[in-house]
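Colleague: I would like to go through this model with you and check the labels against their cut-offs. Shall we start?

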Amino acid sequence: MALRSRVHLTTRPGLALSAQMRAAISILRMPTSALLEDIAREAAENPFLVVDSPRTASEISAYDYALATAEAPESLHDKLARQLAVQHLDAPTLAAAAFLIGELREDGYLDATLEDLADSTGAPLAILEAGLRALQRCDPPGIGARDLPECLALQLVDAGIAEGMARAITARLEDFAEGRWARLGPALSLPVAELERIADLLRRLTSSPIQSGDSTPIVLIPEIRIECREGRAEARLNSATLPMVSVLETDRGSLGTDEMRALFERAAAFSEAVAARCATLLRIATVVAARQTAFFVNGHERIAPLTRGEIAETLQLHPSTVGRAIAGKALIADGRVYAFGRFFSRALAMEGGGISPFDIQRRIRTLIEREDSCSPLADAEIQAHLRNEGVDIARRTVAKYRKCLRIPSSFARRARKPLAKAGMQAASGP
């Protein structure tokens, strides 16, 4: 039988991002300090971009001075890009992995699904999957995880456990937490001694790839100002943060060369992207101010549960757009700067409605501050107190929140009492 080669032409509808749209997305997710540097760089290269600084030379802040004189630490993006470069990836996979770096949350998780990213960018799903696998081979272990089990599984793989076994282990986390060796042994075909070793390893893993104290502290520059008037919180753009960016007024027909016309178009696109970023952030901040009025008006003590999905639904945006817009951004209220991420959390179960982790941590701190120093409250006792107040959370969740508050265990707090007493006696003298 003779073989014949045929060529078939087909059309398939799809979405693809233009270069201008990709630049706009990049500007949207830039931290404020990075955008300030990008504006300065673009203004130096493009004669059609006009930048009017909101500050005079005599009003240079300490942060600006630090930026000008201190050596910049290597960012997470640079660290991951350097690790990807040595993996000898093909060009599409490397590009996909680099794109996914920009989609990471501050804690290293990947919020957006690959299917959504494939739909919004037009990139093949298989290429995005290959890029994610490459990203997840980078350090810190767990980077690019989409949920807690995957984060723990990646850390187990880094610790020397086979990938299939690691995923089987993280599918049975509750059994490991309760020490159900009789159930785990047959399921995983492992002896009790090995199961106990894995349980001990699980206890030493982290719940997120990037811990709050892992990276160099970032100075947040607030782009939004919250003002309280007559019991209402209102969001405003902080005019002292970003310069005014516009395009030099000129007749486009008078631009003689293609290079000059390209620079003019680039300046226009850059100016529009900065304006769109500010408008999007202000829209999100307006909803945050309305939903968190109790926090801003009543002494910054309560934060209501609020998710990115709720904001996206309210503003008719994609959740990934909300994530990009608030990443690395901050607001200022009553002279205090807060990262936008602080106001987003899922509601935890409570009688009569939901409660945010922030409010639960505040209750835990209050209980510990009022405890008898001779008999500090154990985590189980704190759990019981919260349950009496209608908040039903696990003991290990209490322990996690206590650690977030940098409060030692009841055993350590009890041990402090005789040490403090001995110190007072020594200070009083004979």
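Colleague: Why is R266 called partly exposed?

Modeller: Its relative accessible area is 36%. Buried means under 20%, exposed means over 50%, and partly exposed lies in between, with a 1.4 Å probe and protein chains only. So R266 is partly exposed.

Colleague: What is the basis of the model?

Modeller: It is a predicted model, where local features need pLDDT of at least 70, side-chain atom pairs count only at pLDDT 80 or more, and totals for chains, interfaces and linings use all residues. Residues are numbered from 1 along each chain as its sequence is written, and side-chain values use heavy atoms, with hydrogens and water left out.

Colleague: What makes R266 and E42 a salt bridge?

Modeller: Their side chains meet at 2.7 Å, N to O. The definition asks for a side-chain nitrogen of Lys or Arg within 4 Å of a carboxyl oxygen of Asp or Glu, so the pair qualifies. The whole structure has 23 salt bridges.

Colleague: Why is this pair said to link distant parts of the chain?

Modeller: R266 is in helix α13 and E42 is in helix α2 (residues 32-45), 224 residues apart. Helices are DSSP runs of H or I with at least four residues, strands are runs of E with at least two, and both are numbered from the N terminus.

Colleague: Is E42 buried or exposed?

Modeller: E42 has a relative accessible area of 11%, so it is buried.

Colleague: How do you know that R229 and E234 form a salt bridge?

Modeller: The N to O distance is 3.9 Å. That is within the cut-off, so the pair counts. R229 is partly exposed at 42%, while E234 is buried at 15%.

Colleague: What about E310 and R291?

Modeller: The closest N and O atoms are 3.1 Å apart, in a salt bridge. E310 sits in helix α15 (residues 308-315) and R291 in helix α13, 19 residues apart. Both are partly exposed: E310 at 29%, R291 at 37%.

Colleague: What makes β5 and β6 a pair?

Modeller: Strand β5 (residues 330-333) and β6 have four bridges, in the antiparallel sense. DSSP must find at least two bridges between two strands, so they pair. A333 stands opposite R336 in β6.

Colleague: Why is E230 called exposed?

Modeller: Its relative accessibility is 79%, over the cut-off, so E230 is exposed. E230 lies in the loop between β2 and β3. It has a positive phi of about 50° although it is not a glycine.
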